[in-house]
Amino acid sequence: MRNYTGIREQRPDTLTFTDWGGESREAAEQYGKKCLARADRSFSQGLQCQQINSVMALLSMEDSAFIVHSPLGCAGCCSMANDWFRVGQAHRGDFPLRNARIIVTNIDEKDVIHGGEKKLREALNLAKDRYHPKLLFIFTSCASGIIGDDVDAIAADIQNESPETIIIPIHCEGFKSKICASGYDASFLAIHKYILKGESKGKTVPGLLNLFAPPTVSFADQMEIERILGELGIAVNYIPFYSSLEKIRRIPNAQGSTAICKVFADEFMKELEEKYGIPYSHTIMPIGARNTDKWLRGIAAIMGKIEEVEDYIKSQQEQYLPLVADLRRRLEGKRVVICGGTGRSFAGAALINDFGMRLVGMTTPVYDDDVQLDVQYLNELYGSFTVDIGNMMPFEQVNILYKLKPDIFIGVPIWAARLGLPTTHVLDIKRPTMGYRNLVYLGNKIASQLENPGYNKKIAKFGTLPYKKSWYEADPFTFIKEW
Ligand code: SF4
């Protein structure tokens, strides 16, 4: 048994780094020799909490209610997750729009002294009486963990009184991990423990694929991916975004598993292989021609569709590569800096090579075995480039952008735009980004930003960044201290 705890820093089969900065060749070389320096930041601007990833992964599940057992502030990001949930409904034509059923226990100073268990019981009973859900999730927090509320025991107690509702505690206390993707893992561990329960597999359904998708996948991308797989004779069990208890229960019946994002359900798929013998494919996000080819070939290998997939890739290349050649003329040689989560940023870094663009810098929240493979591949494509291992460090980002002066920045644009750089992003929950067709859409989007930089230039003229000149002259990694 792998005995995975849900804390990504503690994965048994890979080294994981969250704080480092330097050149990509050095990173790959040092990591390969297991000599990459362990470090920490003596100053950090922000860090995404894993609790919100747990919430986002599950918030769109049908017939569900959610208890956030925390102070009110921890639940602040739930409004963003709820917004995504509502956007998803609108795109699916699911009107009238609903809000997610979230109750926050609002742990306060008194509860920190006397315990928050009474509030949790009240919230659970309220959710049951008000919503009659099939699934009732409890998200823990730093506060509930520190004061030692016995969330599992309370859940078990209420479960005994309410067999019609499955009560699922999710241990996503923010302090446990600096890697927000640990929150996804905490959700899957809980799904395994409280819904699948390791029960027998049942009959395998030939041609059924578990497709694990994070909440950042737009409905347009879901439809495109399902269309492509449908043409290959593969039926999709799309989970957990906009899914249901029934779909979760179908997981063990699938012939294979894959994920749209590299850091989503990767650990869970290993558990499924170990427990149910379901093979899985773990490659890259299907953004760009090369990545979509690679993603489909991974699926072909586990679903027995090698010939069909090769024929399909050939037909798509014939159809779309002439259009990409056209885009290449507009984008060739442009220098790019990318900042995003691990899945999208590495997919984006390979995508720009389809257009003849050049990567000069990128940010990744973590560096591990998977990232090492991607960086080695990108080193072959682009030679060395600047790597910033960190999550939500805009002060480092602006320093790097100021020094590298790329032609375009791909990522959340707020700070780069204030430097007057053209910006766009591939983290788009509202528009298409994946598969062959959408490659052309993305290329046009990047070219359009490059050819129309006026808006960001105006932002730079009237909106200033808060940093002194001395910071732009300093080493961007000044605050990263080796152990
Ligand atoms: S759970 Fe912890 S890290 Fe997350 S928002 Fe609350 S206090 Fe912050």
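Me: Where is D63 found?
Reply: D63 sits in the loop between α2 (50-58) and β3 (64-68). Keep in mind that this is a predicted model.

Me: Why does D63 count as partly exposed?
Reply: Its relative accessibility is 38%. Buried means under 20%, and exposed means over 50%. The value for D63 falls in between, so D63 counts as partly exposed. The backbone of D63 has a feature of its own: phi is near 50°, a positive value in a residue other than glycine.

Me: What makes Y242 buried?
Reply: Y242 has a relative accessible area of 14%. The cut-off for buried is under 20%, so Y242 qualifies. Y242 lies in the loop between β8 and α10 (245-250). Y242 also has a positive phi, about 50°, although it is not a glycine.

Me: Is N237 buried or exposed, and how do you know?
Reply: Buried. N237 has 1% relative accessibility, and buried means under 20%. N237 belongs to strand β8 (residues 235-240).

Me: Which residues is N237 in contact with, leaving aside its neighbours within four places in sequence?
Reply: They are L208, L209, N210, L211, K247, R250 and I251. Contact here means heavy atoms within 4.5 Å. As for F212, its C-alpha atom is 8.2 Å from that of N237, and the two residues are 25 apart along the chain.

Me: What kind of peptide bond joins I239 and P240?
Reply: A cis peptide bond, with omega about -10°. P240 lies in strand β8. A cis peptide bond also joins F95 and P96, where omega is about -5°. P96 has its place in the loop between α3 (78-91) and β4 (102-104).

Me: Why are α12 and α18 called roughly antiparallel?
Reply: Look at the angle. The axes of α12 (residues 289-303) and α18 (residues 435-451) cross at roughly 165° and come within 9 Å. Angles over 145 degrees count as roughly antiparallel, so that is the label for this pair. The crossing of α12 past α18 is right-handed.

Me: Which residues meet there?
Reply: From α12 come A289, T292, D293 and L296; from α18 come G435, Y436 and L439. The residues of this contact divide into four nonpolar, two polar and one charged.

Me: What makes up the contact of α9 with α18?
Reply: D221, E224, R227 and I228 of α9 meet G435, R437 and N438 of α18.

Me: How many aromatic pairs does a search of the whole structure find?
Reply: The search finds 20.

Me: What makes the pair of Y184 and F264 edge-to-face?
Reply: The ring centres are 4.6 Å apart, and pairing needs them within 6.5 Å. The planes are at 80°. Planes over 60 degrees apart count as edge-to-face, so the label holds. The pair links distant parts of the chain, 80 residues apart: Y184 is in helix α8 (residues 182-196), and F264 is in the loop between β9 (256-259) and α11 (266-276). Both Y184 and F264 are buried.

Note on methods:
Residues are numbered from 1 along each chain as its sequence is written. This is a predicted model: local features need pLDDT of at least 70, side-chain atom pairs count only at pLDDT 80 or more; totals for chains, interfaces and linings use all residues. Side-chain values use heavy atoms; hydrogens and water are left out. Axes are lines fitted to C-alpha atoms, for helices over the stretch in contact, and angles run from 0 to 180 degrees between N-to-C directions. Helices (H or I, at least four residues) and strands (E, at least two) are DSSP runs, numbered from the N terminus. Angles under 35 degrees count as roughly parallel, over 145 as roughly antiparallel, 65 to 115 as roughly perpendicular and the rest as oblique. A crossing is left-handed if the near helix is turned anticlockwise from the far one by less than a right angle, and right-handed if clockwise. Ala, Val, Leu, Ile, Met, Phe, Trp, Tyr, Cys and Pro count as nonpolar, Asp, Glu, Lys and Arg as charged, and the others, Gly among them, as polar. Rings of Phe, Tyr and Trp (its six-membered ring) pair if their centres lie within 6.5 Å; planes under 30 degrees apart count as stacked, over 60 as edge-to-face and the rest as tilted. Buried means under 20% relative accessible area, exposed over 50%, partly exposed in between (1.4 Å probe, protein chains only).
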